Amino acid sequence: MNLKDRLSQDIFAKVGAVADSLGRPCYVVGGYVRDLIIGRPSKDIDFVTVGSGIELAEAVAPRISRRAHVTVFRTYGTAQLHDGALELEFVGARRESYHRESRNPIVEDGTLDDDLARRDFTINAMAISVNAPDFGEVIDRYDGLGDIDRRIIRTPLDPDITFSDDPLRMMRAIRFATQLEFQIYPETFEAIRRNAHRIEIITAERIKDELCKIMRSPRPSIGWDLLHRSGLLAIILPELEALRGVDVVNGVGHKDNFYHTLTVLDSVAARSDNEWLRWAALFHDIAKPRTKRFDPATGWTFHNHNFIGAKMIQPIFTRLRLPLGAEMRYVRKLVELHMRPIALVEDEVTDSAVRRLINYAEEDLDDLMILARADITSKNEAKKKRFLQNFDLVEEKFVAIRAKDFERNRKNPVDGTEIMHIFGLAQSPLVGYFTKNLKQAIKDCEIEDTREAAIAYLLKLADDAGVPVVNPPSVD
């Protein structure tokens with residue numbers, strides 16, 4: 001197979017010409033080749049040469065542009081060439097061997113065949129020549145082209161050795177299966193199951209990177225289900241694994257909360273590219289195993305699972321090396337609030353209840369409603385339709401109340417100057433106390449936003465605080 005017509009960028013001809021001038025074989029390898037064949041966008045281009053990759057990179061740089069910059073990593077025998085958005089990596093062909101207690105390989109110079117054999121999967125073990133005599137020719141020793149056609153993830157060599165040598169490849173197999181929606185070859189998947197315990201030698205940061213790539217995929221549930229079935233999930237995130245299964249008491253069972261969670265996750269992913277909203281979907285029921293109780297009168301209950309789940313977020317984020325700033329606080333907030341919209345529609349949808357939800361959720365209200373809608377997974381279509389219609393009503397009220405509050409906040413019924421006059425006060429914290437409490441009472445719908453209601457509220461507040469009225473106010 002020749003892909004000369006697909007190598008449209010001038011960069012490939014330039015690299016090939018420099019390699020020819022040095023008498024070096026040179027190839028595009030790995031993910032770029034795979035994505036070129038699949039028709040998937042790819043921006044990072046890796047080149048392998050037989051000999052010094054650093055030497056080739058330094059020779060190529062002046063041919064690219066005067067701005068091209070080469071970063072050398074002599075320990076690894078690699079070099080990166082940067083020119084604006086363009087990023088190329090050059091490495092000499094190599095072979096690798098491993099010690100069992102580490103995923104860091106012992107690297108030696110090798111041939112192209114050695115280099116392709118060390119690759120993780122057949123679909124990543126292809127190369128394309130950029131030398132003039134055979135420009136665009138595909139080298140495919142392990143039938144990667146066939147596995148792309150069959151949509152299969154498979155290791156080029158013995159999968160037990162592949163995964164034991166570098167256990168991170170188990171995560172990569174699941175990540176590629178999720179991103180590409182390929183199947184993992186049965187023999188390869190069984191090797192992941194056999195070697196799942198080896199993931200414990202991988203750093204949390206490397207695992208986190210793969211989990212985030214899974215989470216950004218079109219259907220992240222594929223990856224989380226594979227993590228469960230492989231045995232990796234029980235090691236990496238036992239709290240999520242604990243959601244799996246159905247308990248039955250007196251013939252009454254609950255739904256499988258793990259697969260419910262995956263359904264919610266995919267539903268959110270279909271509506272939003274927000275990665276942290278997807279994490280909130282994954283963790284929204286994380287405390288259900290801890291709160292699960294059977295009540296003979298009402299069946300299975302999970303009281304306060306949202307509040308307890310919110311408390312679990314920071315420890316989980318810490319362990320997984322996920323960010324502990326605004327992202328963690330956002331996920332924790334949505335986990336805590338995810339029951340509020342459904343509780344709202346189960347009761348009467350009043351203005352005051354809707355306003356309280358607006359105040360709690362603030363700028364994350366729209367994302368909360370995406371999660372709430374996704375959380376309706378009932379097989380009872382009539383019930384599901386009713387809830388979703390009630391959510392429509394709630395969201396209509398959001399618009400109306402936000403407009404009303406905008407007008408309300410533009411003009412307060414009683415301002416600070418008048419409060420000072422009524423109670424004979426100078427500017428002081430006590431005036432702030434009155435104005436703040438009045439504003440909050442109106443915002444929370446404790447009182448109407450009329451002058452009459454505001455005056456009555458202030459007089460009661462003053463009486464409770466022992467503050468005398470100096471100038472009785474008029475209500476007109």
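Begin at the second largest pocket. Its lining divides into 6 nonpolar, 5 polar and 7 charged residues. Here Ala, Val, Leu, Ile, Met, Phe, Trp, Tyr, Cys and Pro count as nonpolar, Asp, Glu, Lys and Arg as charged, and the others, Gly among them, as polar. The volume of this pocket is about 610 Å³. Select Lys 255, Lys 288, Ile 342, Asp 375 and Lys 383: of the 18 lining residues, these are the closest to the pocket centre.

A word on terms and on the model. On a 1 Å grid over the protein atoms alone, a pocket is an open set of points with protein on both sides within 12 Å along at least five of seven lines; a cavity is a set of points where a 1.4 Å probe fits but cannot get out; lining residues have an atom within 4 Å of a point. Points are joined across faces, edges and corners, and a volume is the space filled by probe spheres set on them. The model is predicted: local features need pLDDT of at least 70, side-chain atom pairs count only at pLDDT 80 or more, and totals for chains, interfaces and linings use all residues. Residues are numbered from 1 along each chain as its sequence is written, and side-chain values use heavy atoms, with hydrogens and water left out.

Now colour helices H18 (340–346) and H21 (381–410). Each supplies at least two residues of the pocket lining. H21 gives the most, with 3 residues. Helices are DSSP runs (H or I, at least four residues), numbered from the N terminus.

Next, centre on Lys 288. This residue lies in helix H15 (residues 288–291). Is Lys 288 buried or exposed? Lys 288 is buried, at 9% relative accessible area. Buried means under 20%, exposed over 50%, and partly exposed in between (1.4 Å probe, protein chains only). Show its contacts (heavy atoms within 4.5 Å). Beyond four places in sequence, Lys 288 touches Leu 243, Lys 255, Asn 257, Phe 302 and His 305.

Lys 288 is one of its lining residues, along with Ala 242, Leu 243, Arg 244, Gly 245, His 254, Asn 257, Pro 289, Lys 292 and Phe 302. The space inside is about 50 Å³. The lining has 4 nonpolar, 3 polar and 3 charged residues. The structure holds 2 cavities of 30 Å³ or more.

Select Ile 308, in helix H16 (residues 305–320). Ile 308 is partly exposed, at 32%. Outside its sequence neighbours within four places, Ile 308 is in contact with Ala 287 and Thr 291.

Then go to the largest nonpolar core, which has 115 residues. Such a core is a set of buried Ala, Val, Leu, Ile, Met, Phe, Trp, Tyr and Cys residues joined through side-chain atoms within 4.5 Å. Pick Phe 12, among the residues with the most contacts inside the core. Leaving out neighbours within four places, Phe 12 meets Leu 7, Val 28, Tyr 32, Ile 45, Phe 47, Val 130 and Phe 135. A second, separate core of 19 residues includes Met 420, Phe 434, Leu 438 and Ile 455.

Finish at Ala 462 in helix H24 (residues 451–465). Ala 462 is buried, at 0%. Its contacts beyond four places are Phe 423, Phe 434 and Val 467.
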